[in-house]
Amino acid sequence: MDPRWCSQFLPQNRECTDPRIERKVDRTPTPAGDGRGNSTSTMIIRNTGVRHGRRALAAPVVRTLLRPISMLPKSALTSATTATATADDVNTKDAELRDALSAAMSYKRKREEADQLKAELAKIPQNFNQFVHIQKHTKGLGSTVKSRYEAGVHLRDPPADATLEMLLAAQAHMGANTSLWNPANARYIYGVRDGIHIISLESTAAHLRRAARVVEEVAYGGGLVLFVGTREGQKQAVVKAAQLAEGCHLFQRWVPGTITNRDMILRAQSLRVVDMLDRDVEGADELLGELRPVKPDLVVCMNPMENYVLLDECGQASVPTIGVVDTDADPTWVTYQIPANDDSLRTTELIAAVLGRAGERGQKRRRADASQGICTWEESDGVRHYRIKKLDEQRKAMEEKMAREDGEVKEEVIHPGDLREQLGRQAIGEAAY
Amino acid sequence: MIRPRLRIPRAPRLGGLAKPCTTPSPFAAAAPSLFRPRSIHTVPPLDFDDGKVPGNWLLSSDGYTLSWTNWQGFLLHKLNALTIGTEFEYKDLKSVLLETARDPEFAHIFNYASAAHNNHFFFKHLAPTNVAIPSGLQTQLETSFGSVETLRREMVNTAAAMFGPGFVWLVLSKPAAGFATFKVLPTYLAGSPYPGAHWRRQPNDLSTAVGPTEAGLGTARQYLEDTAYGQGRASAAAARRKEIAPGGIDLFPVLCLSVWEHAYLADYGVGEKLAFAERWWNFVDWEKVQDEATTGDAALRTKA
């Protein structure tokens, strides 16, 4: 509040009695109504506060007055100030002017700084575009960076064979802790390091290649290969291998009895009867109703340690098995062991890829031979029994028919084998052979 | 059990049969090989990847094999060996060189990264035949140097005057205030022109630039001040030289000439650096230089 403004509203010589207010009383009498009588301005301001309440002083100042007020130094509000030039006030007035000038200069400097900052900010899009331009031309210079391993590379492009380097990179050599080993696996172990057994990768590679030959020949012979991997993360590897080998996959729990009790457990599953060119055989509906559910011709297990029931059933049903055997696993549970790390998913993917490719090769050879007229497999027991049964029924029907015709019994020497063959061909069709 | 034998791919033994330096070295990643160690950084492809360089070119086939295939392969092989297992393992090469420029502890990584980057920069800006300077670029060069012939002499003579390996760069300098201009900048050994790697710009051969003269002492003082500033000692002069505003770009390279000996040794012979530099001028890809030498704004000074 401008002290010159408020002085006209207050009686002069009024003392301030509030002890909280610092007193600086000037009792020099001055003419009343003099708007410029400032020698009592200090008292007036404080009386104003006492008389009109703190709200008068605390009321928000009109905005238009702020600028001129802020230009004045703080001393102008609290000490006795005069606009009239008196001898005592010359020095203070110079100081005030200097202060006001410096305040104005600092204001100007701040404006300049703000403008400079704006100019710098305006340069940012330019600088950024320039940066992008430079990076585009220089960032990739010097080398082509290739990542060494991408997860799932063996799933996208399954290799047909695994070299020792690939097996090492897949950590296939890392066996289990030495205290957990099965001494029956001693023949596969290269040594000990860091408390684990190290599997000899040469034996891994040799066993893997043998297992691949088994899978290939089973597929060539028209066999059904079941790929099993029930651990978390093995699903994709197992499914991919089954796709390549045109077999079956299992990545969830093996239901006990799926082989030994398959007549019950698999009774709802559908069957197909196909010829050597993989075409469905005509007129086999009755046959389908009579056949038992199939069992796999080969089981490939990625984690035999968790699938004892499956492998035991395979043993009971004479189904050969291939298993990835770690140093703590029992090698006698499977027919063909592949000594390798069963904890590494990268190893699982690699081994599944190699075996899947082997199955794919076998299927391709089988089809190639079939197109040449060579059937690489023999009909299954169920189909053979059905065929013989049907032949016998037809033979009986023929005999009865002949007996009903003219009384003369024609003595014709018919060999049972020839008749069976002829009737068999007519009943089932030539292609089935 | 078969006793397995450890198979490690080994480098050829020293003192063995002398083979010509132009056959692909074991480090060259040009042809895939079963026994090549698996690298992260691999030699990037160039236009002459089959090794058949154009006839009557700056380098012959042998020279190209030596100074690109073998040399770049060696640099990247060493870089891989130094960075595998460190924080720089999966970073691209330019990021590696910018991050290792300041700390002397990583000086060896910087050396190989920067040398590989500079070598590729040199080869990238070579054309199979003579390319004429586009008129826009010619105007800009004439503004900066007076004439293109002056620029040529500047670069070639700088190259001839440098003792030992290094590179001679044509850079576009963009000061904070004023116009952008072209400048010639030599960097010794594996020095880098990028502002982000200014600690290792190496524009002076300290063995010859530093001496008892005023200029020599100034160079030495500057170098020591900058080094001390890098290690934390306050220095206003060094701060002015070294500090760049965040996102600020004060210069970037657009062309370079390699004066490493192996670049010219096979085809030009010992001591024929000047002949090599003069012949290099005929095979600069000026179209590429023009593409890269833009500033994004119109602040590139041209002859009005």
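Axes here are lines fitted to C-alpha atoms, for helices over the stretch in contact, and angles run from 0 to 180 degrees between N-to-C directions. Helices (H or I, at least four residues) and strands (E, at least two) are DSSP runs numbered from the N terminus. What you have above is a predicted model, in which local features need pLDDT of at least 70, side-chain atom pairs count only at pLDDT 80 or more, and totals for chains, interfaces and linings use all residues. Residues are numbered from 1 along each chain as its sequence is written, chains are lettered from A and ligands numbered from 1 in the order in which they are written, and side-chain values use heavy atoms, with hydrogens and water left out.

I start with chain A. Chain A has 16 helices and nine strands. Of its 433 residues, 35% count as buried, where buried means under 20% relative accessible area, exposed over 50%, and partly exposed in between, with a 1.4 Å probe and protein chains only. Contact means heavy atoms within 4.5 Å. Among the contacts in chain A with a separation of 6 or more, 64% are between residues 24 or more positions apart.

Now a helix pair. How do the axes of helix α10 and helix α14 of chain A cross? The axes of α10(A), residues 235–245, and α14(A), residues 345–371, come within 7 Å and cross at roughly 10°. That makes α10(A) roughly parallel to α14(A); angles under 35 degrees count as roughly parallel, over 145 as roughly antiparallel, 65 to 115 as roughly perpendicular and the rest as oblique. On the α10(A) side the contact is made by Ala237(A), Ala241(A), Leu244(A) and Ala245(A). The α14(A) side includes Thr348(A), Ala352(A), Gly356(A) and Arg357(A). The contact residues divide into five nonpolar, four polar and three charged.

Thr348(A), in α14(A), counts as buried at 4% relative accessibility. Leaving aside neighbours within four places in sequence, Thr348(A) is in contact with Gln234(A), Ala237(A), Met302(A) and Asp342(A). Gln243(A), in α10(A), is exposed, with a relative accessible area of 54%. The C-alpha atoms of Gln243(A) and Gly356(A) are separated by 7.6 Å, with the residues 113 apart along the chain.

Next, the sheet. Chain A has an open sheet of five strands in the order β6-β5-β7-β8-β9, with parallel pairing; two strands pair if DSSP finds at least two bridges between them. β6(A) (248–250) and β9(A) (336–339) stand at the edges, each with a single partner strand, so one side of each has no neighbour in the sheet. From one strand to the next, the twist averages 20°. β5(A), residues 225–228, pairs with β6(A) over three bridges, and His249(A) is the bridge partner of Phe227(A). Helix α9(A), residues 201–220, packs on the sheet, touching β5, β7, β8 and β9 of chain A, and its direction makes about 140° with that of β9(A). Helix α13(A), residues 308–316, also packs on the sheet, and its direction makes about 160° with that of β7(A).

Last, the cores. A nonpolar core is a set of buried Ala, Val, Leu, Ile, Met, Phe, Trp, Tyr and Cys residues joined through side-chain atoms within 4.5 Å. In the largest, of 74 residues, Leu58(B), Trp280(B) and Trp286(B) touch the most other members. Helix α3 of chain B, residues 107–124, gives the most, with eight residues.

Definitions and conventions
Nonpolar A, V, L, I, M, F, W, Y, C, P; charged D, E, K, R; others polar.
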